[in-house]
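Biologist: I would like to learn how to read the packing of helices in a model, beginning with a pair of them. Could we look at one together?

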Amino acid sequence: MDYRKKKKLTYFTIGLIFLFSGIEYAVILPTIWKYLQTLEAAPYFLGLALSAFSLSGLLSGPFFGHLSDKTRTTKKIILFANCFEIIGNFMYFMGYSKWLLLASRLVAGVGTGAGSAIFGFLSRSTASEDRASVFAAAMACRQVGLLIGPAFNLFLRLCDFHIGPFVVNKYTAPGLFMCLMWILLQLAVVFMYWDLPPQDKEGSGESMASGGREDVEGERLRRPSLPVEQEEDSREEEEDEGKPLMTSNELQGSYGAVVAPNPPVSPVSGAVSNGDLARSSESPEPEETAGPFSRFSLSREFLREEVIVLLAAQFITLFNQTALETMVTPLTQKYFEFGELENSVMYCVCGLEVIAGFLFVHWLSRRTKERVVLAVGLAICNISSVWCLIFLANPIGDFPYQLTEFIIGVFLQVLGLPFVAVAQVSLFSKVTSEKTQGFSQGVRRSVGGLATILGPLWAGGLTENMYIMLGVIMALLLLLTIMMGCSYDRLVQPSAVEHAEDNSDEHE
């Protein structure tokens, strides 16, 4: 099978992974609260169950990312992580007690850590200019899962039978369904996923080699026929020209250093002096044999202005998103008396808008820089936060006006999400080291996991104090906008010269 077909099947499998993660969220979330109630769980157990899923993903993400950086493989990591999803969802299906349900979400959340390894793989296997569009496509797959997930509940809620000692009903069926889905995904990963090497470097090397061969052959074809003696002389000249200007002995010193010529060997003995032995033993280790973390420094990698800005963007956007998601359902029930059907329609419309947004960002990212996309997204989010603070904290007017104000606020909030999400992920992959992308993406996703834990907790306690909740959201967005404005010039991919300087600093 050729490289292109392997790459297409691998990307298709990655899309399935993100699709299933979205389906799992959309299938389990609508029924988990009533499921807990049947197990006589206290109200706070809902927050514990949702936070447990994010907590285990927060902890497993850097580990799986670090593992992928060291082994340069992701297939085995995905297969291993999916086992946690299978076991966790089967535990959810069993549902003997509220503690088993809590443990099931904790176990299943470990499987989400494979996303760090996948993002690291995508960063290494895609060109810099195509990375944003590839990330946008992967994120859009998850949004598709969130959109079609509620449709599966239409037939899962009709389940009412037994499998041995296990009861299959509308509460336990989502666990069994997702367990079977993740088992099918295991087969897809086994037969349709490959650990592909970076194609651009190999392709450029092959093209350069073939180009050199073509130049030599063309030169020989253009050269007129010569006598035998002249042809031998010209061949010797070609061999001399093919020799490097600096021999391997002259290249033993460090990069950029002035190397003195080798001292003459004593005619009495051919032994090498101690000084020469020391110099030869101090020759640097080849880059290929050194591991990706041989010169890695947490402070050098993450305590940089542009990295801190992008991690702040990850945290603030997800914190605000999950806080608003927590706030929306009580708000619609209080002012508009929405039920399950109306809320489902609203989420479906929002899902369609998000998918359209990711497709637009996929197109836009090929024509403009990521920092411009990030600036546009932050501008939309700031407008949305101001609108929500003015019109949604205390809706005014009659029912049609209140509904219009609510729809505009939700539309603006959802509209800005794809711009910020894709831009910050793509920029983060460019300002951090390519060799440790898995670990770096794990840190980024852990920051996002922390936000998804704190966001609902913050909003859940302030549903009756909307001015405070929405005011903090607006203040965080304003802070992020100021940080981005101050660091706008640094939100670009470092040049090769800067990489060389960083490497020289590490050598020192």
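Biologist: How are α3 and α7 oriented relative to each other, parallel or antiparallel?

Modeller: Two packed helices are described by the angle between their axes and the distance between the axes. In this predicted model, where local features need pLDDT of at least 70, side-chain atom pairs count only at pLDDT 80 or more, and totals for chains, interfaces and linings use all residues, helix α3 (residues 75-94) and helix α7 (residues 173-192) pack at about 165°, their axes lying 8 Å apart. Residues are numbered from 1 along each chain as its sequence is written, and side-chain values use heavy atoms, with hydrogens and water left out. Axes are lines fitted to C-alpha atoms, for helices over the stretch in contact, with angles running from 0 to 180 degrees between N-to-C directions, and helices (H or I, at least four residues) and strands (E, at least two) are DSSP runs numbered from the N terminus. Angles under 35 degrees count as roughly parallel, over 145 as roughly antiparallel, 65 to 115 as roughly perpendicular and the rest as oblique; α3 and α7 are therefore roughly antiparallel.

Biologist: Which residues of α3 and α7 make the contact?

Modeller: Contact means heavy atoms within 4.5 Å. On the α3 side the residues include I78, L79, I86, F90 and F93, while those of α7 include L176, M178, W182, I183 and V189. By class, this contact has 15 nonpolar, 4 polar and 2 charged residues, where Ala, Val, Leu, Ile, Met, Phe, Trp, Tyr, Cys and Pro count as nonpolar, Asp, Glu, Lys and Arg as charged, and the others, Gly among them, as polar.

Biologist: At what angle do the axes of helix α1 and α7 cross?

Modeller: The axes of helix α1 (residues 3-38) and α7 cross at roughly 175° and come within 10 Å, which makes α1 roughly antiparallel to α7. The residues of that contact divide into 17 nonpolar, 4 polar and 1 charged.

Biologist: Is F315 buried or partly exposed?

Modeller: Buried means under 20% relative accessible area, exposed over 50%, and partly exposed in between (1.4 Å probe, protein chains only). F315, which sits in helix α12 (residues 305-335), has 21% relative accessibility and so counts as partly exposed. Leaving aside residues up to four places away in sequence, F315 touches V447, L450, A451 and L454, and its C-alpha atom is 9.3 Å from that of S446, 131 residues apart along the chain.

Biologist: How many helices and strands are in the protein chain?

Modeller: The protein chain has 18 helices and 2 strands, and buried residues make up 43% of its 508 residues.
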